[in-house]
Amino acid sequence: VYRPASSAVGMYQITDGRFVESRRRLGIDPSRSVVLVVQTAFNADKRLETVLEALAELDDPKPLLAVVGRDDSLGCHRERSLRQLAAGHGVSDRIIWAGQQPHSQLPFYYGAADVLVDARATSSFSSCILEAMWASVPVVATAASAASGTVPPDVLAGVVPTDNAARLGKVLSSILHDKRRSRALGRVGRQWIAVNGSASSIGGVVEAYGKVYKLALRSGAVA
């Protein structure tokens, strides 16, 4: 589970200056749109394939996709096939395969992102959604994601059906085309997470996780 390091929590409140700094550090053109995916491992249930297909549908603008994560040590070896799939969709040159990142670097990826996507197909909660909310990054999640049941839908930028690349593409296009709306959606998420735990310390972040997991238990989203 990703948790912000205490030394990096301050970076989760993204300002214009930090946005520029994040793009500079990662070598990303400030004028490009960036879709972010954060995964601990490339498991099949995370449905990165759906995100790649949706990326291929996005023409104007043509965003970059930053993928934080890697194959794990427990037999998950899918990165090669995912890269081949990206090539088949003609989007290889629009993907940043960032690999596994230390917690101290994650805020820069959130800081550079216009939107986070959680496309998982199983009902398990994704902590990267909370991290994106801390950073005021709009979140698009699948209906299968526990976030769609434990975080109020009106604080998410969009809820899409599982394995529906066309719908995901349309929602992403809408967000990327309207920067003002995107920033407003990010602020809504930030305001919601702020009342569920203070961002001033790592304890506040853990407190927020705990509250969301309790909601998940009540709703049956996690066992």
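The accessible surface of the protein chain comes to about 9,900 Å², and 50% of that area belongs to carbon and sulfur atoms. The model is a predicted one. Of the chain's 223 residues, 50% count as buried. Among contacts with a separation of 6 or more, 68% are made by residues 24 or more positions apart. The secondary structure consists of 9 helices and 6 strands.

The C-alpha atoms of alanine 66 and valine 34 are separated by 6.9 Å, although the two residues are 32 apart along the chain. Alanine 66 counts as buried because its relative accessibility is 3%, and the cut-off for burial is under 20%.

In H2, the buried residues are Leu48, Thr50, Val51, Leu52, Ala54 and Leu55. Such residues of H2 pack against strand E1 (34-38), strand E2 (64-68), helix H3 (79-88), strand E3 (95-99), strand E4 (115-118) and helix H7 (165-177).

Threonine 50 shows one part of this packing. This residue is found in helix H2, which covers residues 48-57, and at 9% relative accessibility it counts as buried. Not counting residues up to four places away in sequence, threonine 50 touches Asp163, Asn164, Ala165 and Leu168.

One of those contacts, aspartate 163, also takes part in a salt bridge. Its partner is arginine 47, and the closest N and O atoms are 2.6 Å apart. Aspartate 163 sits in the loop between E6 and H7 and arginine 47 in the loop between E1 and H2, so the pair ties together parts that are 116 residues apart in sequence. Both residues count as partly exposed: aspartate 163 has a relative accessibility of 43%, and arginine 47 has a relative accessible area of 25%.

The structure holds 8 salt bridges. Another links lysine 179 and aspartate 114, whose side chains meet at 3.1 Å, N to O. This pair also links distant parts of the chain, with lysine 179 in helix H8 (residues 179-194) and aspartate 114 in the loop between helix H4 (106-112) and E4, 65 residues apart. Lysine 179 is partly exposed at 32% relative accessibility, whereas aspartate 114 is buried, with a relative accessible area of 10%.

A local pair is found in helix H3. The side chains of arginine 83 and glutamate 79 meet in a salt bridge at 3.0 Å, N to O. These residues are separated by about one helical turn because they are 4 residues apart in helix H3. An α-helix has 3.6 residues a turn, so residues three or four places apart point the same way. Arginine 83 counts as partly exposed at 39% relative accessibility, while glutamate 79 is buried at 19%. Elsewhere, Glu21, Arg24 and Arg25 are linked in a network of salt bridges.

Terms used:
Residues are numbered from 1 along each chain as its sequence is written. This is a predicted model: local features need pLDDT of at least 70, side-chain atom pairs count only at pLDDT 80 or more; totals for chains, interfaces and linings use all residues. Side-chain values use heavy atoms; hydrogens and water are left out. Helices (H or I, at least four residues) and strands (E, at least two) are DSSP runs, numbered from the N terminus. Buried means under 20% relative accessible area, exposed over 50%, partly exposed in between (1.4 Å probe, protein chains only). Contact means heavy atoms within 4.5 Å. Accessible areas come from the Shrake-Rupley method with a 1.4 Å probe; for residues, only the protein chains shown count as cover. A salt bridge is a side-chain nitrogen of Lys or Arg within 4 Å of a carboxyl oxygen of Asp or Glu.
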